[in-house]
Amino acid sequence: MIIKKLSLINFKNHHERNFEFSAQINCFVGNNGVGKTNILDGLYYLSMAKSFLGNKDLNNIKTDEDFFTIEGIIDDGEKENIIKIQQPKEAKKIIKKNDKSYDRMSDHIGFLPSVIISPYDSNLISDSGESRRKFLDSMISQTDSDYLFNLIQYQKTVQQRNALLKDFAKNRYFDADNLEIYNEPLIRFGTRIFEKRREFTDSIVPLIQNYYDIISKGKEKITVIYESDLSDQTFGTLLQQNLEKDRILTYTSKGIHKDDLLFEMNGTSMKKTASQGQQKSFLIALKLSQMNRIKELTAKTPILLLDDIFDKLDDTRVSQLIELVNQEHFGQIFITDTSRERTENVVKRINEESKIFEL
Ligand SMILES: Nc1ncnc2c1ncn2[C@@H]1O[C@H](COP(=O)(O)OP(=O)(O)OP(=O)(O)O)[C@@H](O)[C@H]1O
């Protein structure tokens with residue numbers, strides 16, 4: 001997949017920007033705050049229909065403007081496609097492919113797979129389980145069109161069940177039969193998601209270790225464990241066993257919405273024991289594994305977004321990363337950096353056709 005052109009209107013700090021890209025490497029160079037990361041975020045929108053920074057869509061409209069538009073021309077190997085995303089201030093977000101709106105936003109995910117490596121990745125280690133669940137979900141939804149649909153249905157059902165539990169508490173009343181209506185969809189959607197998450201995690205663990213060994217030249221053993229309430233019991237049993245607890249708490253306390261990924265190094269939590277450098281190597285290894293897996297499962301090469309990482313990595317890691325990018329033919333790459341000199345150096349070493357955009 002190649003993004004040939006990008007146009008941003010009123011997107012964050014950009015009033016109007018138009019780019020024509022190289023099919024290989026594209027770099028955005030400029031001082032802090034000029035909006036380099038925002039351009040990567042615009043590219044990420046074309047892929048995932050949302051911001052990678054987790055901002056609400058409305059907050060991405062340029063201050064004092066009424067809408068933003070992101071438009072990309074994407075070559076899928078057969079033809080050029082126009083993806084247009086528009087967020088008006090007073091209406092719902094619109095996403096169109098070749099002038100046709102999607103029935104479901106989730107239908108777009110997977111058309112243009114992407115992987116981003118950014119300084120924000122460290123949140124994956126330090127934050128709560130929610131950010132790791134989101135990462136896992138975004139990874140799988142790019143490879144499986146049903147996954148996101150199942151997840152949305154599951155989340156809706158949990159919300160409805162929670163609302164009923166709260167309603168019962170308010171009215172000092174409880175009707176287990178009424179609540180049970182939600183068991184069937186929770187079990188159906190939740191079990192599918194559980195199985196996909198387990199399968200995907202199992203498949204990337206050996207890749208992560210392999211990339212980690214290359215990047216860090218270390219001897220550490222890396223483990224990624226998928227933790228789920230469904231690992232040792234069925235969803236039906238889980239709901240039954242926690243019925244009383246859910247009634248008291250007035251929310252659904254167990255299920256795949258509580259899943260987590262445990263990152264371990266030599267058998268202990270990475271958050272506690274891994275050095276900053278080891279954590280960075282691990283996160284790059286994780287992202288390259290994501291890249292590898294998406295490519296294998298979809299037969300599409302994801303775009304690779306590298307946000308400000310060459311400034312934050314030492315020389316050895318930069319060299320290893322460049323070597324890996326060269327070896328694995330990672331497709332179209334977008335890089336941001338404050339230094340033109342460093343960018344030119346990196347690009348020279350990757351040895352592919354490039355364009356540098358100065359902001
Ligand atoms: N909705 C918005 N309207 C106007 N400006 C915005 C909006 N959202 C973000 N910005 C501005 O975008 C700028 C940050 O852009 P960005 O993070 O892309 O910069 P950068 O070039 O990547 O900087 P750095 O090198 O520090 O990472 C900030 O000045 C911020 O105020």
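**Figure 1. Pairing of strands β4 and β5 in a predicted model.** Phe-67 has Pro-88 of β5 as its bridge partner. Strands β4 (residues 67-75) and β5 (residues 80-88) run antiparallel and are joined over nine bridges. Strands pair if DSSP finds at least two bridges between them; strands (E, at least two residues) and helices (H or I, at least four) are DSSP runs, numbered from the N terminus. Residue numbers start from 1 along each chain as its sequence is written. The model is predicted: local features need pLDDT of at least 70 and side-chain atom pairs count only at pLDDT 80 or more, while totals for chains, interfaces and linings use all residues.

**Figure 2. The open sheet.** Six strands, in the order β2-β1-β4-β5-β6-β7, form an open sheet with antiparallel pairing. β2 (14-20) and β7 (100-101) are the edge strands; each has a single partner strand, so one side of each lacks a neighbour in the sheet.

**Figure 3. Helix α1 on the sheet.** Helix α1 (residues 36-48) lies across β1 (2-11), β2, β4 and β5, at about 115° to β1. Axes are lines fitted to C-alpha atoms, for helices over the stretch in contact, and angles run from 0 to 180 degrees between N-to-C directions. From first to last C-alpha, the 13 residues of α1 reach 19 Å, close to the 18 Å expected at 1.5 Å a residue, where the expected span is 1.5 Å times one less than the number of residues. In α1, 13 of 13 residues are buried (20 or more other C-beta atoms within 10 Å of the residue's own; exposed, 12 or fewer; partly exposed, in between; C-beta atoms placed from the backbone). Ala-49 follows α1 and has a positive phi, near 60°.

**Figure 4. The largest nonpolar core.** This core has 75 residues, of which Leu-43, Tyr-44, Phe-282, Ala-285 and Leu-305 touch the most other members. Domain 1 (1-113 + 301-359) and domain 2 (125-299) both contribute residues, so the core lies between them. A nonpolar core is a set of buried Ala, Val, Leu, Ile, Met, Phe, Trp, Tyr and Cys residues joined through C-beta atoms within 7 Å; domain bounds come from an automatic or database domain assignment.

**Figure 5. The contact between the domains.** The C-alpha centres of domain 1 and domain 2 are 27 Å apart. In domain 1, 15 residues are in contact with 19 residues of domain 2 (contact: C-beta atoms, placed from the backbone, within 7 Å). Helix α11 (residues 315-328) supplies four residues, the largest share of the side of domain 1 that touches domain 2.

Terms used: Contact = placed C-beta atoms within 7 Å.
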